Amino acid sequence: MALNRTIHEPSNPVLNVSRREGRPHSPSVRIGDYVFVSGMVPVSPQTGLRTQGPIADQVATVLSNMQHLLESNGWSLDHIVRLNITLANLLEADDMWRVFRKFFPDNPPAATLMGMQLSFGNLVEIECVAYVGDAGR
Amino acid sequence: MTAKRQAITPADAKLDIPKTFALPYATGVKACEFIFLSGMIAVDPSTGERAHGSVVDETTLILRAMATVLEASGSSLAKVVKTTVWLHSMLELEDLDRAYQPFFASAPPARTVCGARINNGMKVQIDCIALA
């Protein structure tokens, strides 16, 4: 069975960080009915600059940019099956979950939290896998 | 289209980590041919509380619980295609492998191990993707 790997980008070019900064990865890749979204860090949809505010703001920025990327391609946060959340500081886990709850108020996806060093002083990075079926074709 | 996520909830509530600790995510989600389990930590199967122990102890408890959760969903450890292991110290990789290997005796799944900090002082966290 041959499956086509297709690359999917956010419609706001400011948020297309991997392309804008010449990174060797894509914002998201679809294979069959699944979409794999690269790790996303908090970037302002207006300026494209990193938004280094409190963790709650950074998480909200990442998840709303993730929503934008998915919706740009005919998908939504509801299609996400699993997220991996990396925090620079695990002491901020409660604040992260508080914001997470607002984006996934009921029937939430699977998620894994880990604490690791992040580049450029980011406090959070989130990646996800979505099961989109036929949506967006 | 709004997709309905098909959450996997362990029959044994003691293994339902997000429920025990009131965290806003699912133990796992089934998406067509695959099951995605959230990162699991060691919990005492009789109380559901965190079971802090050695890397060997924690790994064994996690993989036993993972087997139970997968089997209740019609899958099994033999159908796992990929695991990610977060280990509090890469110096203990050999201990991880000692406890991990018996659960995947033949044709083990793909695996990534990262040295990372894990919440609440746990030493091991493991997630997986399995065939449904």
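The exercises below, each with a worked solution, concern a predicted model with chains A and B.

Local features are used here at pLDDT of at least 70 and side-chain atom pairs at pLDDT 80 or more, while totals for chains, interfaces and linings use all residues. Residues are numbered from 1 along each chain as its sequence is written, and chains are lettered from A in the order in which they are written.

**Exercise 1.** Work out the strand order of the sheet in chain A, and find which strands stand at the edges.

Solution. Begin with the elements themselves, since helices (H or I, at least four residues) and strands (E, at least two) are DSSP runs, numbered from the N terminus. Two strands pair if DSSP finds at least two bridges between them. As an example of one pair, β3 (residues 34-40) and β6 of chain A are joined in the antiparallel sense over five bridges, and A:Met40 stands opposite A:Ile126 in β6(A).

**Exercise 2.** Describe how α2 (residues 55-72) of chain A is placed against α3(A).

Solution. First take the axes, which are lines fitted to C-alpha atoms, for helices over the stretch in contact, with angles from 0 to 180 degrees between N-to-C directions. The two axes come within 8 Å and cross at roughly 35 degrees. Next look at the residues in contact, meaning that their C-beta atoms, placed from the backbone, lie within 7 Å: among them are A:Ile55 and A:Leu63 in α2(A), and A:Met96 and A:Phe103 in α3(A). Finally, α2(A) also lies across β2 (28-31), β3 and β6 of chain A, and runs at about 30 degrees to β6(A).

**Exercise 3.** Find which strands of chain B are joined to β4(B), and in which sense each runs.

Solution. Seven bridges join β4 (residues 80-87) to β6 (residues 124-131) of chain B, and these two strands run antiparallel. Six bridges join β4(B) to β5 (residues 110-115) of chain B, and this pair runs parallel. B:Leu87 has B:Val124 as its bridge partner in β6(B), and B:Gly115 as its bridge partner in β5(B).

**Exercise 4.** Describe the side of chain A that touches chain B.

Solution. Start with the totals: 25 residues of chain A are in contact with 24 residues of chain B. Then assign them to elements, where β5(A) gives the most, with six residues.

Note on methods. Contact = placed C-beta atoms within 7 Å.
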